[in-house]
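Please keep the sequence and the model shown below in view while reading.

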Amino acid sequence: MNSTRIKTPRAAFGKLLLNESRLAWRIPIGLGTGLGLPLLLLVIFGSIPALSQVSSDLGGFSYFALSFPILLDVTVLTLSIMLLPRSLIKYRETGILRRLSVTPVPPSWLLAAQIVINLAIVVVGIILLTAAGVTAFGLEPPKNILEFLLANGLTMASLFAVGLCIAAVVRSDAVAQGIGALLFFALMFFGGIWIPRPLMPAVLLNISNWTPLGSSVDAIQRAMQGLFPSPQSILVLTAYTLVLGYLAVRYFKWE
Amino acid sequence: MIKHSSTSVITVSHLKKTYGNVIADEDVSFVVNEGEIFGLLGPNGAGKTTTVECITGLRRPDGGTISVLGLDPQVDRDALHPVVGVQLQSSTFPDRLKVCEILDMYQSFYLNPANPEELAQALGLGEKLGSYYKTLSGGQKQRLAVALALIGQPKVAVLDEMTTGLDPQGRLDTWELIEKTRDRGTTVILVSHYMEEAERLCDRVALIDHGRIIALDTPYGLAEKVTGGKQVLFLPSQPFNDGLLTTLPEVKTVEHQGKRVKVVGSGQLVNAVILTLAKNGIEALDIQSEGATLEDAFVKLTGRHIHENKEV
């Protein structure tokens, strides 16, 4: 009868974003764990003098300096693979996405609002950690800001793609929580939280280079020294972003 | 019954929907006219919810066609959703959002929204605007869901079990709001298993059972048609000739139960009986009048009560 497309008021996205920020503030699990945990680790690592000793075993770095990129990644990991999928799965489980799908606003807008909020918290976290490390614990500031931003941007993109993939295929919050925790520790291991990358045996280091966190830590580490991220790390992070992002979009279930 | 001359807003023809081996809708057809309140009544599992889910585009029918305001709910979702307000049976909202925040968000989705505060007032939620969703009672959550279905001032409102879990006052408030909404020109289709609700609100009802429409009429017409109408029971002041009453067009049968007389019929039955008796100098004492109800109709048609699965 009529094919006139009625436009959804643009203010709707703003309202979605506003309510999602209210929720992030009122249930501050993202702010608490995403910002609090790495800050706490930073304070602990930064306060132990031995960890700030430059060591030739560590390629001329201190353990503290080497762990800093991993702390940045703790923030990204917490929000991207632990919290984002859980929020989205809960929205699906409780019918919030379904209810939205019978309004003029597509449920994908809520997903977008969730991504924006979580990315914003990550950005705040990275700024806070870097500022605290440099001002309070004698961390060398990144020598090249653009490369530092590039390395962190690629990290966020790839890890958010991992999180969206979890949200796409996992049906229950409890399962997502388990998968998130498992991935968190596995990725942290390859990122070098227990064995710093310079101390990893060649085989392990090679595997590490193909994981998002290994590549991310490598890229951030190089950016801190003013070096451009290695082509391999750029390639790995971009590939994770594109492949997992595609899978997430392809298989995302709204109901 | 509403005449065919009215414009049809929703047309469902030969709708079929199955989930695996379970048949939800076998063959459902009906037309909802502009400005009417149309009820889909039936026991749990009859196929009511599946029908409205197909109407709102949430589910794809396996067979048959649906047209809502001339649109195909599967193809024209973008055009449909701005003009159709929906209340789903099992939707929730984030616990830590306030009622006013949820209303404000939903009103921003529509081009010409209702005033959220007035809507909340009408539904008795005025005091709760500043409360978190999680502090609401079940009935209050239900009323919020109804408010969100109406906030876009839709041309069609689809309400699935809108008064389930409401206290009597909440039910009355909601019914009043739905009537007002209809008076403003909204066509309403509501799913219910409360016969009382359908009798009070609906212009027409479709009784649905095992995925088929088993009867469709006005609530009154349906009850009367199916159960043979209403009855009046009285104690005559003196004996009289049955012929006095049986000749009346309203009267179907006259039956003596001891000293009492039971008359079954339709239309203005009570008036006709009392007036006729009075004209003949007979007084009808201790009059008891009963109209047939939709519930009676349902029992008669299906052999079951609508709420229980017990056999009659």
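## Polar contacts and salt bridges

In this predicted model, 11 residue pairs, both members at pLDDT 80 or more, are in polar contact across the interface of chain B and chain A. On the side of chain B that touches chain A, helix H2 (77–80), strand E5 (84–87), helix H3 (99–107) and helix H5 (138–150) each supply at least two residues, and the largest share, six residues, comes from H3(B). By class, the residues of that side of chain B divide into 21 nonpolar, eight polar and eight charged.

Four salt bridges are counted between chain B and chain A. A:Lys15 forms a salt bridge with B:Asp104, where the closest N and O atoms lie 2.8 Å apart.

## Extent of the interface

The contact draws 37 residues from chain B and 30 residues from chain A. The area buried between the two chains is about 2900 Å², and carbon and sulfur atoms give 59% of this area. Within chain B, the residues that lose the most area to chain A are B:Leu58, B:Arg96 and B:Phe109, which together account for 19% of what that side buries.

## The enclosed cavity

The structure holds one cavity of 30 Å³ or more, and the volume of the largest cavity is about 90 Å³. Of the 13 residues that line the largest cavity, A:Leu16, A:Ile96, A:Leu110, B:Pro94 and B:Met105 are the closest to its centre.

Helix H1 (11–26) and helix H4 (96–100) of chain A, together with H3 of chain B, each supply at least two residues of this lining, whose residues divide into 11 nonpolar, one polar and one charged.

Note on methods. Residues are numbered from 1 along each chain as its sequence is written. Chains are lettered from A and ligands numbered from 1 in the order in which they are written. This is a predicted model: local features need pLDDT of at least 70, side-chain atom pairs count only at pLDDT 80 or more; totals for chains, interfaces and linings use all residues. Side-chain values use heavy atoms; hydrogens and water are left out. Contact means heavy atoms within 4.5 Å. Buried area is the accessible area (1.4 Å probe) that two parts lose on being put together, summed over both. A salt bridge is a side-chain nitrogen of Lys or Arg within 4 Å of a carboxyl oxygen of Asp or Glu. A polar contact is a pair of N or O atoms within 3.5 Å; within protein, one must be able to donate a hydrogen and the other to accept it, and residues adjacent in sequence count only if both atoms are side-chain atoms. Helices (H or I, at least four residues) and strands (E, at least two) are DSSP runs, numbered from the N terminus. Ala, Val, Leu, Ile, Met, Phe, Trp, Tyr, Cys and Pro count as nonpolar, Asp, Glu, Lys and Arg as charged, and the others, Gly among them, as polar. On a 1 Å grid over the protein atoms alone, a cavity is a set of points where a 1.4 Å probe fits but cannot get out, and a pocket is an open set with protein on both sides within 12 Å along at least five of seven lines; lining residues have an atom within 4 Å of a point. Grid points are joined across faces, edges and corners, and a volume is the space filled by probe spheres set on the points.
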